[in-house]
Structures are given as C-alpha cells and as structure tokens.
Amino acid sequence: MAFSASPHCAPPLHRFALRRSPPPQPPLAFMRCPFFSSSSFRPVYFSPAPTLRIIVSAKSKKPSSGRSADSTSASAIDFLTLCHSLKTTKRKGWINHGIKGPESIADHMYRMALMALIAGDLPGVNRERCIKIAIVHDIAEAIVGDITPSCGVPKEEKSRREQAALTEMCKILGGGMRVAAEEIQELWVEYENNASLEANLVKDFDKVELILQALEYELEHGKVLNEFFLSTEGKFQTEIGKSWAREINSRRNSILVEKRKGPK
C-alpha cells in the first residue's frame, strides 16, 4: 500500500478501536500484528457497518504444553476475522475510474478461483494448487490494502510490504495451525515469483478477470476503460489465458462496432 493521504492506498484506521486507551498506534503496515501485541486489553475489530462488532480473541494465558483445541479454534477465527477486510475493501483501479459500488478484493479472488476450477485438466498443471493460489494471492491486502501503480509504490517495496503483512497474518494462525500457515506462505511466494506452471496460469487468470470485469463495467456504466485492456495486452503466458483474453476482446470489439453503428 502507499502511505499517503489517499483513503484507498492505506487501510482505513477507523475500523480498529481499543476498549482501553493505549498510546496512539501507527498505520497497520508499520505495526506488528495489532491484535495480539498485549494481553492487557482486548482489541475490537469494527466492520464498516457501525452496528456490527466482531471481537478478536486475545489469550492472556498460553497452554503449558502444545495448543488446546479452543486455542487453535481461536487462532482460526482471529485469522478469518482479519480476512474480513478482503470482502469490504474495494479494488482501487475501479474507484479511480469512478465506478460506483465496485468489486472487492475477495470478489476478484473468488472469480479467479472459479476460473481455475473450470479450466479443466491441463498437462503438467495441478488444478487444485491453482485454486489455492488464486484464493491466497492477494490475501496480504487484508492489511496493506489494494496497492496499484497510482499509489506510486515501487514494485519491490510493494512486495516487501505484502510479505511483511503475510508473515504477520500467518503468525496469527499460531503453532497449532503451522501447516496451514506454511502452505499459505508457500503459495503466495510461488505466485509472487511466478515460479511454477500453476503460478503462470493464475497470473493469467488475474489479468483475464481484470479485463472481464472491465468489459462488464463498460456495459453497466457506459464507460470506456481502454487502460485495462492496453495494460494486459501481450502479457498472457498460457494458451488458455491467451484464448480467454481473445474471447473477451472479441466480444468487446463486437459491442464497440454495434455502438458505432448507432440505433437501427
């Protein structure tokens, strides 16, 4: 995320409050995990709806050996509660183009997972792994927000911030869910480094989902969103990615031709 005055390049800090009054806290991405830094107060997570309040558990006592089932369950719910912001944080590219009620980060990842599900069996590709990568590839944005080129954050810095956020998120899962935490880290790094056939495919799905959503918003809002089509042109790595992108562009071109003809 870009730490600027823009409300869309930084996490909305009003979502977090404390029952006691601790010293002022820095923005989330500069903190160690804000939920569990102290057992002297219980953090409260606020959703955007003022009537909804989700309490995040903070255990004051650790089990003497291992982790109890209750402790593991608490870690799971803490993690999932943090991921709530993926459902409510709107994708910044659409906000910048004046789209009202745009998709959330979770909306984007969900349709990418569906793409992986329906892609069918591809030689040398583990489809289940593609689905998992699609689900976690933007998960760090639960803390850092949706970082886009308009935020002015260099690619290396963006990756560093997201890696730091992901590390903190996985720590919330704790030792009792270590295997899950390690898998999330591994899947994210694989995608980030474009390090496998599965990552190649999901990278393509990321772009396919982007231009499909752009086409849908063009139709719904009467806008021309050329930027998204131009920025992805020629960047697809897989045959299925190229094929699906061609289909979307073909449909868009047909619509544009009909519009130029005007009403019959």
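The legends below describe close-up views of a predicted model.

Residues are numbered from 1 along each chain as its sequence is written, and side-chain values use heavy atoms, with hydrogens and water left out. In this predicted model, local features need pLDDT of at least 70 and side-chain atom pairs count only at pLDDT 80 or more, while totals for chains, interfaces and linings use all residues.

**View 1. The whole chain.** The chain has 11 helices and three strands. Helices (H or I, at least four residues) and strands (E, at least two) are DSSP runs, numbered from the N terminus. Read from the N terminus on, the order of elements is β-β-β-α-α-α-α-α-α-α-α-α-α-α. Of the 264 residues, 44% count as buried. Buried means under 20% relative accessible area, exposed over 50%, and partly exposed in between (1.4 Å probe, protein chains only). Of the contacts with a separation of 6 or more, 64% are between residues 24 or more positions apart. A contact means heavy atoms within 4.5 Å.

**View 2. The largest pocket.** The largest pocket has a volume of about 1,200 Å³. Of the 32 residues that line this pocket, Ile-147, Thr-148, Pro-149, Lys-158 and Asp-206 are the closest to its centre. On a 1 Å grid over the protein atoms alone, a pocket is an open set of points where a 1.4 Å probe fits, with protein on both sides within 12 Å along at least five of seven lines; lining residues have an atom within 4 Å of a point. Grid points are joined across faces, edges and corners, and the volume is the space filled by probe spheres set on the points. Helices α3 (92-96), α7 (155-173), α8 (178-192), α9 (197-221) and α10 (226-232) each supply at least two residues of the lining. The lining is made up of seven nonpolar, 11 polar and 14 charged residues. Here Ala, Val, Leu, Ile, Met, Phe, Trp, Tyr, Cys and Pro count as nonpolar, Asp, Glu, Lys and Arg as charged, and the others, Gly among them, as polar.

**View 3. Helix α4 and its buried face.** Helix α4 (residues 105-118) has 14 residues and reaches 21 Å from its first C-alpha to its last, close to the 20 Å expected at 1.5 Å a residue. The expected span is 1.5 Å times one less than the number of residues. Buried in α4 are Ile-105, His-108, Met-109, Met-112, Ala-113, Met-115 and Ala-116. Seen down the axis of α4, these buried residues fall within an arc of 155 degrees, so they line one face of the helix. The arc is that of the directions from the helix axis to the C-beta atoms. An α-helix has 3.6 residues a turn, so residues three or four places apart point the same way. On the other side of α4, Tyr-110 and Ile-118 are exposed. The cover over the buried residues of α4 includes α2 (84-88), α5 (127-136), α6 (141-144), α9 and α11 (239-261). Just after the helix, Gly-120 takes a positive phi of about 80 degrees.

**View 4. The surroundings of His-108.** His-108 is found in helix α4 and is buried, with a relative accessible area of 0%. Not counting residues up to four places away in sequence, His-108 touches Arg-91, Glu-103, His-137, Asp-138, Asp-206 and Glu-209.

**View 5. Helix α7.** The 19 residues of α7 should span 27 Å at 1.5 Å a residue, and the end C-alpha atoms are 28 Å apart, which agrees. The buried residues of α7 include Ser-159, Arg-161, Glu-162, Ala-165 and Leu-166. Their cover includes α1 (69-82), α6 and α8. Just after α7, Gly-174 has a positive phi of about 75 degrees.

**View 6. Asn-194 between two helices.** Asn-194 lies in the loop between α8 and α9. Its phi is near 50 degrees, a positive value in a residue other than glycine. Asn-194 is partly exposed, with a relative accessible area of 30%.

View 7. Ile-211, in helix α9, is buried, with a relative accessible area of 0%. Leaving aside neighbours within four places in sequence, Ile-211 is in contact with Phe-228, Phe-229, Thr-232, Phe-236, Ala-245, Ile-248 and Asn-249. The buried residues of α11 are Ile-240, Gly-241, Ala-245, Ile-248 and Arg-252. The C-alpha atoms of Ile-211 and Arg-252 are separated by 9.9 Å. The cover over the buried residues of α11 includes α9 and α10.
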